[in-house]
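Hi there,

Here is the structure I promised to pass on.

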Amino acid sequence: MCGFTGSVSKKPIDNSLISEANKLIDCRGPDSKRFFEKKFANYNISFWFNRLSIIDLSDTANQPMYSKEFKTTLMFNGEIFNHSELRQELQNKGLKFYTSHSDTETLLVGLSYYGIKFAEKLRGQFSIAFFDEKSSKLHLIRDRLGQKPLYYYIDNENIHFGSSLLSILKILKEYKIDEKQIYNYIDYGVISSPYTLFKNIYKLMPSEILTIDFQKNNFTSKKSKYWNVENFLNNKPFILEEFFDIFSESINIRTTADVPIANFLSGGIDSSSIVKNLVDNKKQVESFSVYLKEKKYDESQYIKEVVGKYDLDHRTTTISTDITYDEINDALNSLDEPYSDPSVVPSYILSKQISKHYKVAISGDGGDELLGGYERTIKSLKKTGAFSNLISKSYNFYPAILGTGNKLLSKSNNLETKYRSFLEDKKLTKLLKINSTNNSFANGLDYKDLNHYKKLLISDYKLFLPEMMMFKIDRTSMANSLEVRSPFVDHKLIEFIMSRNHSYLNPLNSKQILKDYLSKDFNDDFILRKKQGFVFDLERWVFNNLDLISDKILNGHIVNGLNNNIIKLLSINKSRINGQRIWKLFVLENYLDRVLSKSP
């Protein structure tokens, strides 16, 4: 894992400015820093790279990496898990390599030889900047599920791109808020690709390639996609053995590194299944867990069961759920965009603790999307009778100060209405007296001739996983110089699931195939317990710090002028939902204070 910043301009480039912008992502690559500058045709090029050394620790594997044979340059953030196999394929074609086993060089040679279609062969998580002097083109490429970020800005004279939105802001110096995206954030708590909070600054979409063609006096750009999840839709028989073969391979290819690797162990179904698979396949396992002091959130007894069963080399740390303001601030400062899921806080603390001992960790993220583990999936699939559907109509009369109205809308007989109710908060936009926009969060539900579950699955892979889960995992881990690898997000696994019937799905027992997998090793108390997220006591923190939070929100950049009574209204009913709403506004104002009141 690494981070990069790049600029191409018709004007002279201020390298000191690019260097300052790149310092904002030092955490993504603290092991080495290099830059590449070049005059090409009428353009000036400046590429800056920060490296977190994991595969081939030698200096020859540093970036930006240049190929004299092909006259190409590469900056690459991420890991190519099948790089050894691809390297052998390229060597069989007579291509030369100058490093011992660098996945960066495999990527550089592969893209140079095959062109951008080489992206189709990659199995991993990545954002790529690939410059080809012979064709006069710069290609920006993002992985299939949006695990690694890539931002860009283009005008008539400049192209700025990189791993962090804050770096782009630093280079531009002047930027304007896109008001429409403010409203989307308030509704959903995140701003989805390709948009950002700022006008004319964009995120590359997952599985998207942006190609910029340099001409003598101007340049043109075009976009293409090399992977679409819906292209794999089919109804083939679900074969359990085939699923676990791919699952095992997905885990195995993520265990290669030249540094020690830990396994996140929460004691839950997903992380425990990964650990069991590693042990069953005779892999050495080092695991890491966090114990929470507050009893209602503590799952240490289940973690200890897994550690004891598999005799793991295990480390733990204990954190209090009575989280300090400084810890909150540190977690929020790890984000380069506003994102309202409060789990970023414990996720940041966990990453900080594990990074004291490891550079790489394997996680169970993505298991809920892959196997229908979310409550919203099960409830959306539940059949709705006429009476329940009638109850959903009372949403229009539901007081906005009480909550989102999800419990009412989830009784609708309309799949899209049910699903969206778990993600959006139109009632909050009403309280703030703004018009929410029609976002694309449930676009996957528009597909015709699909069963309901596949529609929800497509939506999760187009929105929730890349824009929410992968965002959180990447920012909180990389802020602590930690690479996280997620086997359940392997595109081969996803393609398999999309192409099969959903006979494996039991709405009354989510993720049953993994529970059955663990059943020989653990009892029903372990397997059938209620899912527990990695959380902290948000409502207590919010309402205990309400004066501080109110001052930030009501004297901030957005809420002041929309509804100055919003905090009073949301404090009437001190529920977790209203705590989350206040938190959402607090996160936004905290972010805007960073980027508008002072330089990022």
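Tyr151 stands opposite Gly162 in E9. Helices (H or I, at least four residues) and strands (E, at least two) are DSSP runs, numbered from the N terminus. Before I go on, please keep in mind that this is a predicted model, in which local features need pLDDT of at least 70 and side-chain atom pairs count only at pLDDT 80 or more, while totals for chains, interfaces and linings use all residues. Residues are numbered from 1 along each chain as its sequence is written, and side-chain values use heavy atoms, with hydrogens and water left out.

Back to E9. E8 and E9 pair in the antiparallel sense over four bridges, where pairing means that DSSP finds at least two bridges between two strands. The link from E8 to E9 is a hairpin of three residues. Strand E1 (residues 2–9) also pairs with E9 in the antiparallel sense, over five bridges, and there Gly6 has Phe161 of E9 as its bridge partner.

How well covered is strand E9 (residues 158–162)? Five of its five residues are buried, meaning under 20% relative accessible area, whereas exposed is over 50% and partly exposed lies in between (1.4 Å probe, protein chains only). In a regular strand the side chains alternate between the two faces of the sheet. Here, Asn158, His160 and Gly162 point one way from E9, Ile159 and Phe161 point the other way, and all are buried.

**The chain overall**

The protein chain holds 24 helices and 17 strands. With 600 residues, a compact globule would have a radius of gyration near 25 Å, and the 24 Å of this chain agrees with that; the radius is taken over C-alpha atoms, and the globule rule is 2.2 Å times the number of residues to the power 0.38. The C-alpha trace spans about 70 × 60 × 50 Å along its principal axes. Of the 600 residues, 62% are buried. The chain exposes about 24,300 Å², and carbon and sulfur atoms supply 47% of that (Shrake-Rupley method with a 1.4 Å probe; for residues, only the protein chains shown count as cover). Among contacts (heavy atoms within 4.5 Å) between residues at least 6 apart in sequence, 74% join residues at least 24 apart.

**Salt bridges**

Side chains of opposite charge can pair when their charged atoms come close. A search of the whole structure turns up 33 salt bridges, each being a side-chain nitrogen of Lys or Arg within 4 Å of a carboxyl oxygen of Asp or Glu. Three of them may be worth a look:

- Glu133 and Lys38 meet at 3.6 Å, N to O. Glu133 lies in the loop between strand E6 (124–132) and strand E7 (137–142) and Lys38 in strand E2 (residues 32–40), so the pair ties together parts 95 residues apart in sequence. Glu133 is buried at 13% relative accessibility, and Lys38 is partly exposed at 29%.
- Asp474 and Lys148 meet at 2.3 Å, N to O. This pair links helix H17 (residues 452–478), which holds Asp474, with the loop between E7 and strand E8 (151–154), which holds Lys148, 326 residues apart.
- Arg540 and Asp537 have their closest N and O atoms 3.8 Å apart. Arg540 is partly exposed at 34%, while Asp537 is buried at 7%.

**Helix H22**

Which residues of helix H22 (residues 546–554) are buried? They are Leu546, Ile549, Ser550, Lys552 and Ile553. These cover an arc of only 165 degrees around the axis, which puts them on the same side of H22; the arc is that of the directions from the helix axis to the C-beta atoms. The buried residues of H22 pack against helix H21 (538–544), helix H23 (566–571) and helix H24 (576–596).

**Backbone details to check**

A cis peptide bond joins Gln63 and Pro64, with omega about -5 degrees, and Pro64 lies in the loop between strand E3 (43–51) and strand E4 (65–67). Another cis peptide bond joins Ser193 and Pro194, with omega about 10 degrees. Lys71 is not a glycine, yet has a positive phi of about 55 degrees; Lys71 is partly exposed, at 39%.

Best wishes
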